[in-house]
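Work through the exercises below with the sequence and the 3D view open. Try each task before you read its solution.

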Amino acid sequence: MNGKAERDRLGLGRLVLIGVPFAWLAAFFLLPFLIVLKLSLSEPALAQPPYLPILEWFEEAGELYLAIRLRVQTYLTLLTDGLYLAALASSLRIAATATVLALLVAFPVALGMARCPPRVRPFLLLAVMLPFWTSFLIRVYAWMGILKDDGLLNALLLALGLIDQPLVILNTEAAVLIGIVYSYLPFMILPIFANLEKHDPSLLEAAVDLGCRPVVAFWRITVPLARPGILAGCFLVFIPAVGEFVIPDLLGGADTLMIGRTLWLEFFSNRDWPLASAVAILMLLVLVVPIVLFQRQQALARLR
Amino acid sequence: MATARPVREARPRIEPWQDPDAVPFVRIQGVTKTFGEVYAVDNVTLDIFRGEFFALLGPSGCGKSTLLRILAGLDRPSSGRVLIDGQDMTDVPPWRRPVNMMFQSYALFPHLSVRRNIAFGLEQERLPRAEIAERVAEMVRLVRLDGLEDRKPDQLSGGQRQRVALARALVKRPKVLLLDEPLGALDKKLRDQTQLELVNIQDRLGLTFVIVTHDQEEAMTVGSRMAIMREGQIAQLGTPSELYEYPASRFVAEFVGEVNLIEARFSSVNGATMRVRAPALGIEIVTDRPIAALPGEPLWVAVRPEKMSIAKTPPAETGHNCVAGDVFDIEYLGDVSVYHVRLDNGLFLRATEANRLRLIERPITWEDRVWLFWGPDASVVLKT
């Protein structure tokens, strides 16, 4: 019978199909993660590379030993120093604030796009994605030019007579928030737009017919139905924003604590690779929670 | 066509439009709605009485749905006024109108359960919880949705969704219930059954219903009166039997049911008898419903297929209302058969006969020479 052979071939095909991405993830995600984990448990040293191996062979009384030295002190420092937990808390707070701000900006934009005639929508979508054609770094640099004391924004506000003194925005947390909202806005707009576009307009008419003012109909029908899109957008902004390094480094001030930047400083300025690795592990553990929530929400949305 | 519906025939219906003192409940006065250059509704004036089941019938794009949306307040008329129960509704927004609409797509809120869908309108009125629960339960019983209250719309069948939509609109106790093609998504059997249910509910609650449909059979089944619309205007208004028996134009005659239209010229009127010539058929047609016409004016005679008799032998009198031909085709529909008869000049006429006997031995069959004839009361003479 070739039925069994058929099944085997199918089984092999399936194995390859599932195996390739798993192998990819193992090579480029799991392995680096294990390396970072190992680094975080090794002892810093003034050497090249700046840490000691955790495995060591040695002989004693003619017998061979393998010693494993795991330095847990790094993690204790991480938890007791205060700086790192503060940086983490500050990152979470900034990312959450930026997510809320991005939602407030993105929802009306997405709603406007979804209510446009269908033939206009592709152009609006293109406009949302157009910034991606320029390097992210260049766009953040451009914001420095806009936000600095003698920058475009202050020049405009002074010319309009709205202010007499230039506003100090650059190198503050406000600049970081502006940068994050700006950079991640498309990730908020697109899932919300994709959701709103599918809404049946007669639902709002039905709500109005049943006695709702249009504003109430919006809150009772449009917003609850848009929930999956809103959640997807929030996760897509929040998760990368927590670990953001470039934006706080370029737009933030010395007092803008963010975990990504702390990590960078530990790696390159302090050359404390174990501590930097431990910070990376901590950030990952904290982000696993929203990532799992996001995956679950996506799976639920697909079930609908 | 117009099958006898026991619910309708058994009880005598009130006919307020016959009563000169009756005050119309819904008044549409000179309503026009334009979209750009297009007149969707063109100067329509229409009175609907309390307790009527009024049908707006017409082909797609005739403006019937726009007129319904104007009644609901979802579209604003470009000019004209709408009055409901004596109050001018023209500038009243839809959320304050005492009307509710059942949408063609049902427009059920997908994130809310059946119960919450039905309660939605009452929650807007900020009624006490107990009263909302009571009225929702009452509606659930009325439309027979017991046991399905906690389901979401996507867990319901088409017929169940249709009933949720009906309950959701009825629970507000609207002065007028508007139904936009409410049964379009149901299959034929369910549709027939639901039509009867709608009539029963309307009868029981004594509400005023306005239904929009493109299905003339549906309009005739449920409608106390109907308006046939064409290109934004009302082509004819009347009871189903008036429209069927006495259409005012070829458009109405053809839209409501099947009809044979015969081109004719005016000959003479003598008292209650009108004579016209049908040059193409080479016969004279006598009718007992004379209309005013000029000699030689082009006219059309409309004869319903079921009012034409068909026989293999000529009738006693062949001088008028009689024409001979050959059976070209027979449509067997079970209860009736439609005979397509090809006349000697190549024109076709249709005659419908009830199949009272089983057709094992067909009395009339293909290629038979037959005579078609009808009485003076079977035809209507039309000018347009």
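**Exercise 1. Is B:Thr365 buried or exposed, and where does B:Thr365 lie?**

Solution. 
- Step 1: recall the cut-offs. A residue is buried with 20 or more other C-beta atoms within 10 Å of its own, exposed with 12 or fewer, and partly exposed in between; the C-beta atoms are placed from the backbone.
- Step 2: count. B:Thr365 has 12 other C-beta atoms within 10 Å, so B:Thr365 is exposed.
- Step 3: locate. B:Thr365 sits in the loop between strand S18 (348-354) and strand S19 (369-373) of chain B. Helices (H or I, at least four residues) and strands (E, at least two) are DSSP runs, numbered from the N terminus.
- Step 4: take one distance. B:Tyr339 is 26 residues from B:Thr365 in sequence, and 9.1 Å away in space, C-alpha to C-alpha.

A note on the source: this is a predicted model, where local features need pLDDT of at least 70, side-chain atom pairs count only at pLDDT 80 or more, and totals for chains, interfaces and linings use all residues. Residues are numbered from 1 along each chain as its sequence is written, and chains are lettered from A and ligands numbered from 1 in the order in which they are written.

**Exercise 2. Describe chain B as a whole.**

Solution. 
- Step 1: list the elements. Chain B has 9 helices and 20 strands.
- Step 2: Along the principal axes, its C-alpha atoms fill a box of roughly 75 × 50 × 40 Å.
- Step 3: Of the 384 residues in chain B, 39% are buried.

**Exercise 3. At what angle do H3(B) and H4(B) pack?**

Solution. 
- Step 1: read the geometry. Helix H3 (residues 114-124) and helix H4 (residues 129-142) of chain B pack at about 130 degrees, and their axes are 10 Å apart. Axes are lines fitted to C-alpha atoms, for helices over the stretch in contact, and angles run from 0 to 180 degrees between N-to-C directions.
- Step 2: classify. Under 35 degrees is roughly parallel, over 145 roughly antiparallel, 65 to 115 roughly perpendicular, and the rest oblique. H3(B) and H4(B) are therefore oblique to each other.
- Step 3: find the contacts (C-beta atoms, placed from the backbone, within 7 Å). B:Arg115, B:Ile118, B:Ala119, B:Leu122 and B:Glu123 of H3(B) meet B:Ile132, B:Arg135, B:Val136, B:Met139 and B:Val140 of H4(B).

**Exercise 4. Which residues make the contact of H5(A) with H7(A)?**

Solution. 
- Step 1: The axes of helix H5 (residues 136-147) and helix H7 (residues 173-196) of chain A come within 11 Å and cross at roughly 140 degrees. These two helices, H5(A) and H7(A), are therefore oblique too.
- Step 2: name the residues. H5(A) gives A:Phe136, A:Val140, A:Trp143 and A:Leu147, while H7(A) gives A:Ala175, A:Ile178, A:Gly179, A:Tyr182 and A:Ser183.

**Exercise 5. How many residues does the largest nonpolar core have?**

Solution. 
- Step 1: define it. A nonpolar core is a set of buried Ala, Val, Leu, Ile, Met, Phe, Trp, Tyr and Cys residues joined through C-beta atoms within 7 Å.
- Step 2: count. The largest has 109 residues; B:Leu71, B:Ala167, B:Leu178, B:Val210 and B:Val301 have the most contacts inside it.
- Step 3: find the main supplier. Helix H5 (residues 158-170) of chain B gives the largest share, 6 residues.
- Step 4: look elsewhere. Another core, of 56 residues, lies apart from it and includes A:Ile178 and A:Phe193.

**Exercise 6. How many residues of chain B are in contact with chain A?**

Solution. 
- Step 1: count. 17 residues of chain B are in contact with 14 residues of chain A.
- Step 2: find the largest share. H3(B) supplies it, with 3 residues.

Methods:
Two residues are in contact if their C-beta atoms, placed from the backbone, lie within 7 Å.
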